[in-house]
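Subject: Structure for your files

Hello,

The structure is handed over below. Please keep it together with the notes after it.

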Amino acid sequence: MDTLFKNVQQQKQVPLSEKVAKQISDLIKERNIGTGDKLPNEFELAESLNVGRGTIREAVKLLVARNCLEIRRGKGTYVTEELGRVDDPLGFEYVSDKARLAEDLYEIRMQMEPWIAGLAARQIREEEKEELQRRCDAVEEQILAGVDHYEADNAFHKYIAECTHNSVLPEIIPIITYSVQLFTRYKDPALLKSTRQTHRAIADAICAHKSAEAEHYMQEHILGNLQNIEHLRETLNAADKG
């Protein structure tokens, strides 16, 4: 009985704006409002949910912060294209030891991405092969041009995950490939050359449906990056001591 009473008390403590934010989210699902679509205006929402317009504004602010809604000045409130997705969901930006973070992320990638590459080799469709090679080309072009290739690299790895046709994997990849962003500014010629070579080998193996080769080359790619980070950490530590 005490537990039931505590649960009821906790539910009462949920702010009204939070409850209304949940109701708006449910409304988006029920009315099948898609990404990029406009939400009913403030007055209509207040009337539908039987709350004041001030509460609607607070609820909308919560959903904007969660990247579910965006307010377009003079136009209204819209469902975001990347519904509910945030750039840094685990707060990596605020981790002070970026080298250690990169090492930890690469360890996770070592466990996951070879398997993902192997699965992609088994599941890729004919119409997806050209796009995979195009994304591989984009990384190579940016490396050769001497510009930051993080976005292109992330797109390449994410597309490999998409080729598995597992709905969860493409959402995980941008999180664990955050490690790439940390080190694309270090223009180590050997690492950049290795990235180009292993990316091409991975893409070719996937397109040829060679699962074991795709896993091998992905493992080689990630191991090379991890070793480079470890070397860089040692260099930075030596410089600090000097």
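This is a predicted model: local features need pLDDT of at least 70, side-chain atom pairs count only at pLDDT 80 or more; totals for chains, interfaces and linings use all residues.

Residues are numbered from 1 along each chain as its sequence is written, and side-chain values use heavy atoms, with hydrogens and water left out.

Helices are DSSP runs of H or I with at least four residues, numbered from the N terminus. H3 (residues 42-49) packs on H4 (residues 53-65) at an angle of about 105°, and their axes are 9 Å apart. Axes are lines fitted to C-alpha atoms over the stretch in contact, with angles from 0 to 180 degrees between N-to-C directions. H3 is therefore roughly perpendicular to H4 (65 to 115 degrees). In the contact (heavy atoms within 4.5 Å), Glu42, Phe43, Leu45, Ala46 and Leu49 of H3 meet Arg53, Ile56 and Arg57 of H4.

H10 (residues 189-207) has 19 residues and spans 27 Å from its first C-alpha to its last, close to the 27 Å expected at 1.5 Å a residue, taken as 1.5 Å times one less than the number of residues. Its buried residues (under 20% relative accessible area, 1.4 Å probe, protein chains only) include Leu191, Leu192, Thr195 and His199. Just after H10, His209 has a positive phi of about 60°.

Arg100 is in H5 (residues 98-123). Arg100 counts as partly exposed because its relative accessibility is 46% (the class between 20% and 50%). Its C-alpha is 8.9 Å from that of Ile229, 129 residues apart along the chain.

Regards

Definitions and conventions: Helices (H or I, at least four residues) and strands (E, at least two) are DSSP runs, numbered from the N terminus. Angles under 35 degrees count as roughly parallel, over 145 as roughly antiparallel, 65 to 115 as roughly perpendicular and the rest as oblique.
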